[in-house]
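This report is for a reader meeting the structure for the first time. Please look at the sequence and the model before reading on.

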Amino acid sequence: MKTKIPVAKPYIDQEDISQVVEVLRSGCLALGPKLIQFERNFANYIGAKYACAVSSGTAGLHIAVKALGLQKGDEVVTSPFSFIASCNCLLYEGVEPVFADIEEETFNIDPEKIEGVINRKTKAILVVHIFGQSARMNAIMKIAAKYKLRIIEDACESVGADYKGKKTGSWGDAGVFAFYPNKQMTTGEGGMLVTDRKDIYELSLSLRNQGRGKDSDWLAHERLGYNYRMDEMSASLGITQLAKLGWMIEEKAKVAALYNKYLSDLTEVVLPKLGGHNTQSWFVYVVRVRNGRRDKVMQYCTDNGIQTKPYLPTIHLQPFMKRQFGYSEGDFPVAERVSSETLALPFYIGLKERDIKKICGVLKKAL
Ligand SMILES: *Cc1c(COP(=O)(O)O)cnc(C)c1O
């Protein structure tokens, strides 16, 4: 059997473990001090007034859509090149996602293509910062101001990234982060909504907690809500993970630099590019494989014990999206072209230089 190199792996140290064990010993497993501490630390880190921890990134996005009052009949402009959750959170509320194609180099929504799809039903732009790199927020904020649109940032892949020195998630009306084990930092399952708006914050607290009011009785419910709470073990992990996030991002940048070095002579492979004004928070290491050979390269990697992922399939061509909205191939050509060529390589803290050499050797052979 060949040793398997996984595509992603969380980084958990002794401090993470001992703090979670302490929570277990404390007997307070939900709605306790760790939740409040994690929210405070996270809001500070992002530079936002308020933070509301939730059970997943998807839950946070759903709350953001509800808290902004988006509903059936509304349209929201978003990217077709994303993880499905950034679209699903709109569909949960009967809001129609309207896609604008992406930029060829950064894979983020192309601000130049947004205005063309805005109409009287458009209420918001849901910006996704893909693969740890911010979308061009200056241009997007200008469009939002011109048409009086709300902004939700799906920063689930971009914790720690900034654009012109301002962190992703802190630009819009609400920003949402995710802490699934493959993200830059993890709480197991978990997510966070940040905002500077008190009304959105208070509504979010209620929506995540079964629609309870601020001071209402445990069994009194002011609105339709959900159980989207984050437990104390997760919050504790969030605190210790956040404390070393800067270091973890740097470690991943080192891995990325090694890939860049060992892949530089492969002309069929396009390396990740950073747009102007961006700092990258490394989430995944994604290359483009030219000449229609991505799937063959993937298969060859699998045969050699190396796990890779085709990040990401376009959202509009998912089977249920085609059925519901009648999308077909060719609707968003840039996203589709990128999507047919992108390949995520193994990428995590502790990935050894000799493994990276091996992976790059396998890619070379495959090509
Ligand atoms: C991971 C991710 C999410 C959802 O996060 P979960 O915690 O898995 O619900 C949403 N959007 C994007 C772009 C993501 O990468």
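Where is the place of Thr342? Thr342 is found in strand S13, which covers residues 342-345. The model described here is a predicted one.

Thr342 has 0% relative accessibility. Buried means under 20% relative accessible area, so Thr342 counts as buried. Val286 is 56 residues away from Thr342 along the chain, and the C-alpha atoms of the two are separated by 6.3 Å.

His316 belongs to the loop between helix H9 (294-303) and helix H10 (319-325). His316 counts as buried because its relative accessibility is 0%. Its side chain makes a polar contact with the side chain of Glu336, at 2.8 Å.

## The ligand and its surroundings

The ligand is surrounded by 14 residues, and the closest are Gly57, Thr58, Asp154, Glu157 and Lys183. By type, the residues of this shell divide into 6 nonpolar, 5 polar and 3 charged. Helix H3 (residues 57-67) supplies the largest share of the shell, with 3 residues. The ligand takes up the space of the second largest pocket.

Some of the distances involve polar atoms. A polar backbone atom of Gly57 is 2.8 Å from an oxygen atom of the ligand. In the side chain of Asp154, an N or O atom is 2.7 Å from a nitrogen atom of the ligand. A polar side-chain atom of Glu157 lies 2.6 Å from an oxygen atom of the ligand. On its own, the ligand has 380 Å² of accessible area, and the protein covers 91% of this.

## Backbone geometry

Most residues other than glycine have a negative phi, and most peptide bonds are trans. The following places depart from that pattern.

Tyr311 and Leu312 are joined by a cis peptide bond, with omega about -10°. Leu312 lies in the loop between H9 and H10, and His316 also lies in the loop between these helices.

Lys148 is not a glycine, yet its phi is positive, near 55°. This residue sits in the loop between helix H5 (137-147) and strand S5 (150-154). Is Lys148 buried or exposed? Lys148 has a relative accessible area of 75% and is therefore exposed.

His277, also not a glycine, has a positive phi of about 70°. The loop between strand S10 (269-270) and strand S11 (278-279) holds His277. With a relative accessible area of 52%, His277 is exposed, because exposed means over 50%.

Terms used: Residues numbered from 1 in each chain as written. Predicted model: local features only at pLDDT ≥ 70, side-chain atom pairs only at ≥ 80, totals over all residues. Heavy atoms only, no water. Near = heavy atom within 4 Å. Polar contact = N/O pair within 3.5 Å; in protein donor to acceptor, adjacent residues only side chain to side chain. Areas by Shrake-Rupley, 256 points an atom, 1.4 Å probe, with all protein chains shown as cover. 1 Å grid on protein atoms, 1.4 Å probe; cavity = no way out; pocket = protein on both sides within 12 Å on 5 of 7 lines; lining within 4 Å. Sits in = over half its atoms within 2 Å of the grid points. Helix = DSSP H or I, 4+ residues; strand = E, 2+ residues; numbered from the N terminus. Nonpolar A, V, L, I, M, F, W, Y, C, P; charged D, E, K, R; others polar. Buried < 20%, exposed > 50% of the residue type's maximum accessible area, 1.4 Å probe, protein only.
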